[in-house]
Amino acid sequence: NVIVPLQAGSASDVAVRLFADRMADKLGQRLAVENVTGGAGAIGAARAAAAEPDGHTIAALNGTLLTVLPNIKGRTLGYDPFGSFVPVAGVCTIPT
C-alpha cells in the first residue's frame, strides 16, 4: 500500500504511480496507490504515520510535509516529521 497525501493527477501522484509499477515488476505483486487528500497533505501523512509499522505501507511524502507544515501547524499536525517516518529512498525531484 502506498499512501500519497496529494490529489490524484498531481506530479507527485504520477511519479509515485510510475514507481509503483516498477516496484510491482520487482516484487511480483501490485502496489495499491491510495490518494488521501486534505489539510495540504497533513491528513494523508498522519494516516501513514498511524499505519502499522509492518513494512506494508509506504508514504510518498514531499518536502513540504516534512519541513513547512510542521512549522505552520506545530503540535496539531498529527505526526512527528522526525519520528513518525523512516526514510527509504528518494524517488524523484519535481521542479516547482
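What share of the 96 residues in the chain is buried? Buried residues make up 28% of them, where buried means under 20% relative accessible area with a 1.4 Å probe, counting protein chains only. This is a predicted model, in which local features need pLDDT of at least 70, side-chain atom pairs count only at pLDDT 80 or more, and totals for chains, interfaces and linings use all residues. Residues are numbered from 1 along each chain as its sequence is written, and side-chain values use heavy atoms, leaving out hydrogens and water.

**Overall fold**
- The chain has 4 helices and 3 strands, taken as DSSP runs (helices H or I, at least four residues; strands E, at least two) numbered from the N terminus.
- Their order along the sequence is β-α-β-α-β-α-α.
- The C-alpha trace spans about 40 × 30 × 20 Å along its principal axes.

**Helix α2**
- Helix α2 covers residues 42-50, and its buried residues are Ala42, Gly44, Ala45 and Ala48.
- Seen down the axis of α2, these fall within an arc of 165 degrees, so they line one face of the helix; the arc is that of the directions from the helix axis to the C-beta atoms.
- They pack against β1 (2-4), β3 (58-59), α3 (63-66) and α4 (68-73), with contact meaning heavy atoms within 4.5 Å.

**Aspartate 13**
- Aspartate 13 sits in helix α1 (residues 11-27).
- Aspartate 13 counts as buried because its relative accessibility is 3%.
- Leaving out residues up to four places away in sequence, aspartate 13 touches Val4, Gln7, Ala8, Val33 and Asn35.

Terms used: Buried < 20%, exposed > 50% of the residue type's maximum accessible area, 1.4 Å probe, protein only.
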